[in-house]
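Take a look at the model below. The text after it goes from one surface feature to the chains as a whole.

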Amino acid sequence: MAFTLPKESYSGKVLSLTFGKDDKAVTIGGEDTLPFLSFEGSIPNRPAIAYEIQDSPIDDWPETLKAVYKDVSDDPVKWARYCQDELKAQAIALRLVSTHPDRENRSADDAAKTVSEVLSAVETPLIILGSNHVEKDSEVLVKVSEAASGHNCVIGKAQEGNYKTIVAAALAHNHKLIAMSELDINLAKQLNILITQMGFDKSRLITDPMCSALGYGLEYTYSVMERIRLAALMQNDATMQPPILGDVGMYVWKTKETMAEESDVPEWGAIEERGIAWESITATSMIMAGANLLIMRHPKAVEVVKKIIDELI
Amino acid sequence: MIIIGEKISVIAKRVREAMNNRDKGPIQELAEAQWKAGAHYIDVNIGPAEEKGEELMQWMVETIQEKVQAPLCLDTTNASALEAGLKAHNNEWGRPIINSTSNDPERFVMLELAAKYKCEIIALTVGKGGLPADAEERCAIAAEIMARAGEYGVPLEDIYLDPLILQVCTTQDQALHALKAVRMFRELNDPPMKTVVGLSNISNGVPKEMRSLIDRTYLTLLMYEGLTAAIMNPLDRELMNVMKTTDVFLGNTLYAHSYLEM
């Protein structure tokens with residue numbers, strides 16, 4: 001008797017989402033099967049990778065990573081152009097860290113100005129992130145949504161404590177939105193419900209279940225993402241069908257393994273290679289678990305992950 | 001759980017009158033209300049429909065699907081009326097269900113229709129004789145129907161076995177037999193056979209104000225035994241809330257504080 005491959009069929013489907021404009025626009029999601037199981041269903045879009053840039057000096061990044069962006073990181077416009085022109089970025093994630101009250105505490109208007117400048121300098125689709133300060137973000141993201149009106153950006157992150165104003169702004173200015181909860185699948189679902197109950201269509205949402213780096217709770221993120229995907233596909237849970245974000249870089253590049261000098265831990269090997277490996281492995285794990293969009297920092301890690309995606313798809 | 005909305009039935013006076021007068025309004029209203037309340041299928045019970053059955057069923061199907069983008073569960077003993085309904089059915093939103101066949105030779109024609117129109121079918125585990133005494137007898141009948149379905153070319157995954165729910169107020173012990181039957185039906189095949197019940201039969205004959213309580217309590221037990229689908233009233237909010245909560249306990253739905261609103 002001939003062997004028939006046992007196949008799972010799924011009742012649900014991940015929603016597809018497009019951000020950016022014209023021929024540069026990026027589409028993610030749309031699959032009706034688990035990650036890379038293309039023999040069981042269709043995977044119309046591969047996971048996308050955005051390069052992270054910041055609006056303030058990157059003093060807290062490891063030297064090996066800072067070196068990559070040393071000529072451009074003093075200016076988000078230059079940096080964005082570098083990502084677009086030199087690194088051929090598919091998308092750019094501008095993190096407005098300078099607005100954090102414990103950092104430079106720059107105003108929402110300042111942030112909006114930065115966003116406008118970046119948007120007029122590049123055509124690459126833009127993800128605009130706040131500083132992850134609940135109160136400040138609800139001010140900043142409202143202003144930057146307005147400044148980015150018409151550019152079909154991704155705005156984030158809306159959290160339980162500030163989603164109302166941010167959702168309203170994304171709704172008014174036609175952006176996509178990242179909904180973030182802290183490693184809790186039930187709260188991730190709840191936040192998506194609350195946001196859609198405000199009239200924000202679920203097809204414009206991205207779920208960020210919160211990332212973590214290899215060795216620092218990666219398995220929790222992996223498990224939450226995996227269960228989100230299973231709920232979306234097997235239980236046809238509409239609230240869990242938006243694409244998933246893995247905000248990888250910011251969690252990886254503060255770990256001991258990416259920062260410790262070779263002189264302190266010679267047995268860990270070359271520091272740059274170590275960091276790249278750490279980011280590649282973390283990012284690869286996320287796309288295995290179901291992430292559709294990654295935010296990463298090191299070009300060499302991006303290259304590795306792209307190659308893995310090419311081989312798996 | 002799969003919900004088959006039961007409200008469009010010839011037994012209800014308002015529906016019967018609308019059917020007789022070919023008055024679309026009340027039928028479409030009921031169909032829409034059930035669909036919005038979460039019904040996956042709308043049951044269309046036109047009774048034996050001995051006169052102009054074909055035309056009536058066709059009109060019903062078209063009338064409902066004009067407003068509701070859901071598949072229907074066609075419920076009549078009149079085979080040619082049922083076939084007229086299958087022909088009129090828009091399969092864009094899913095395949096229709098035939099309600100129903102059984103182990104009575106007069107009802108085998110329904111299996112023929114299920115095979116011809118490649119649709120799903122409810123199989124009542126009763127025969128020509130009296131009602132089944134217990135779960136074992138229901139299983140024996142189920143096995144015969146499954147064999148018969150094979151002869152007619154109906155795949156087992158297209159069959160919903162119905163243990164036949166009887167009213168608790170007169171045949172109390174049957175409540176437990178039917179529960180056991182749901183569990184045993186599942187074991188008749190791998191993957192498990194699908195099961196369905198006409199839920200409100202359980203509360204037939206009890207005082208009106210107690211019906212919802214009896215229905216929803218029994219539904220919880222049925223779901224625990226692995227019930228796939230129920231013909232029930234999706235407009236009964238308490239019943240729906242209990243169903244959603246049970247689905248959470250059984251791991252069929254992911255919990256969120258607002259799960260009742262979904």
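Helices (H or I, at least four residues) and strands (E, at least two) are DSSP runs, numbered from the N terminus. Leu5(A) sits in the segment before strand 1 (16–19) of chain A. This is a predicted model, in which local features need pLDDT of at least 70, side-chain atom pairs count only at pLDDT 80 or more, and totals for chains, interfaces and linings use all residues. Residues are numbered from 1 along each chain as its sequence is written, chains are lettered from A and ligands numbered from 1 in the order in which they are written, and side-chain values use heavy atoms, with hydrogens and water left out.

Leu5(A) has a relative accessibility of 44% and therefore counts as partly exposed; buried means under 20% relative accessible area, exposed over 50%, and partly exposed in between (1.4 Å probe, protein chains only).

Chain A as a whole has eleven helices and ten strands. Of its 313 residues, 57% are buried. Its C-alpha atoms fill a box of roughly 65 × 55 × 35 Å along the principal axes. Contact means heavy atoms within 4.5 Å. Of the contacts in chain A with a separation of 6 or more, 68% are between residues 24 or more positions apart.

Chain B has nine helices and eight strands. Buried residues are 53% of its 262 residues. Its C-alpha trace spans about 45 × 40 × 35 Å along the principal axes. In chain B, 69% of the contacts between residues at least 6 apart in sequence join residues at least 24 apart.
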